[in-house]
Amino acid sequence: MKKRMLRDIEVSEIGMGCMAFSHGYGQIPDESYSIEAIRNAFRHGCTFFDTAEVYSPGLSGIGHNERIVGKALKEVRPQAVIATKLFLNVGFGGSVETVLRRHLEASMQRLQTDYVDLYYLHRMGGVPVEKVAEAMGHLIDEGLIRGWGLSQVDVEVIDRAQRVTPLSAIQNIYSMVERDSEARIIPYCMEHRIGFAPFSPIASGLLSGKITPQTKFESYDDVRNWVPQLSRANIAGNQPIVDLLKQYAEMKNATPAQISLSWMLHKYPNVVPIPGSKNRERIIENLEASHVELTDSEFHSLETALNQCKVYGHRGLGGF
Ligand SMILES: NC(=O)c1ccc[n+]([C@@H]2O[C@H](COP(=O)([O-])OP(=O)(O)OC[C@H]3O[C@@H](n4cnc5c(N)ncnc54)[C@H](OP(=O)(O)O)[C@@H]3O)[C@@H](O)[C@H]2O)c1
């Protein structure tokens, strides 16, 4: 698969969100299935794997997902780029740096590794971003992490952090129906050599065209029950966007999910989407979007048509 750079870190141009093996999209598969699905993605050229310390069933524990990712990639660790994330709560014991190190050490143990490629702060708590940036800089100097990033942040926070320790990547929500980051964040990242790793790039499945107003989501730990964009009315309202994707999918002999990924790859050179799926075949389908090339004129007509569609609802805050 083609490669892209997140500052100095080279990754496959499409990564893999591993969250659903532990949390967020209903029943989780057997661990052996999840491990094999990750290994299969690696064999298909994916080298960029996204996890977080909090990804556990029902968000009730710590580390379930990191353990799976660690087991799956153990044998190919030097060729894999592992991104994980931490939460820093205000009122914790010790300095920002002490707590950050404690979280990183625990993550490394679960991931069976002595370094993390990309370490994100999952959400800004009440901690000044400069303190986090400074501590991350020390971890980079010591070789414990190769780069660092922030998730779901605005451009002011990115700029304050960047001035202390240059960022490798920003992980914000971004898809054809969540385009706020286009105004200032992605351009800022391009200008400063920061990669942009969109989460929920298929809008939690909406852009695959497989979700209809009649779709019933799972009852256990499924964020789709809470995502406003997936209410029946909003699914129906967003149908013109799904129809547009279907039209391009037919034209390009691809799938709607693939078109939605190839659209963002064409649009920005620093974007590396991390679609999530707990299904082995759909993981490969998403990775193969790397081979679906839109020409400039196809991209421009798609973009123009998309700009004329009204977007109904946002994803909201369900899921991490
Ligand atoms: N930083 C953050 O705060 C944050 C928040 C959310 C997620 N993330 C990260 O981003 C990754 C991706 O986000 P996400 O999983 O929320 O959203 P997503 O990738 O937009 O969508 C995942 C949903 O779409 C379905 N899907 C995926 N590919 C499909 C395809 N080709 N055809 C049909 N359905 C398809 C999946 O179902 P199946 O499993 O059944 O295929 C799943 O229900 C996560 O794994 C996680 O690593 C980060």
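**Notebook: strand 6 and its surroundings**

I began with Thr84 and found that its bridge partner in strand 6 is Tyr119. Here helices (H or I, at least four residues) and strands (E, at least two) are DSSP runs, numbered from the N terminus. I note that this is a predicted model, in which local features need pLDDT of at least 70 and side-chain atom pairs count only at pLDDT 80 or more, while totals for chains, interfaces and linings use all residues. Residues are numbered from 1 along each chain as its sequence is written.

*The strands beside strand 6.* I looked up Lys85 as well, and its bridge partner in strand 6 is Tyr120. Strand 5 (residues 81-86) and strand 6 (residues 116-121) run parallel and are joined by four bridges; two strands count as paired if DSSP finds at least two bridges between them. On strand 7, Trp148 stands opposite Tyr119, and strands 6 and 7 pair in the parallel sense over five bridges. I then followed the order of the open sheet, whose seven strands run 3-4-5-6-7-8-9 with parallel pairing. Its edge strands, strand 3 (16-17) and strand 9 (195-196), each pair on one side only.

*How enclosed is strand 6, and why?* Six of its six residues are buried, so strand 6 is largely enclosed by the rest of the structure. I use buried for a residue with 20 or more other C-beta atoms within 10 Å of its own, exposed for 12 or fewer, and partly exposed for anything in between, with C-beta atoms placed from the backbone. Helix 4 (residues 129-141) lies across strand 6 and strand 7 (145-151), and runs at about 160 degrees to strand 7; axes are lines fitted to C-alpha atoms, for helices over the stretch in contact, and angles run from 0 to 180 degrees between N-to-C directions.

Gly125 is partly exposed, because 13 other C-beta atoms lie within 10 Å.

*The core.* I next checked the largest nonpolar core, which has 90 residues, and Tyr119 is among those with the most contacts inside it, as is Ile38. Such a core is a set of buried Ala, Val, Leu, Ile, Met, Phe, Trp, Tyr and Cys residues joined through C-beta atoms within 7 Å. Ile38 touches Cys18, Phe49, Val69, Ala72 and Leu73, leaving aside residues up to four places away in sequence; contact means that the C-beta atoms, placed from the backbone, lie within 7 Å.

Four bridges join strand 1 to strand 2 (residues 9-12), and the two run antiparallel. They form a hairpin with two residues between them, and Arg7 in the turn has a positive phi of about 50 degrees.

The ligand is surrounded by 30 residues, the closest being Gly17, Met19, Gly205, Ser208 and Gly276. The largest share of this shell, three residues, comes from helix 10 (residues 280-287). The shell divides into twelve nonpolar, 13 polar and five charged residues.

Note on methods
Near = placed C-beta within 6 Å. Nonpolar A, V, L, I, M, F, W, Y, C, P; charged D, E, K, R; others polar. Contact = placed C-beta atoms within 7 Å.
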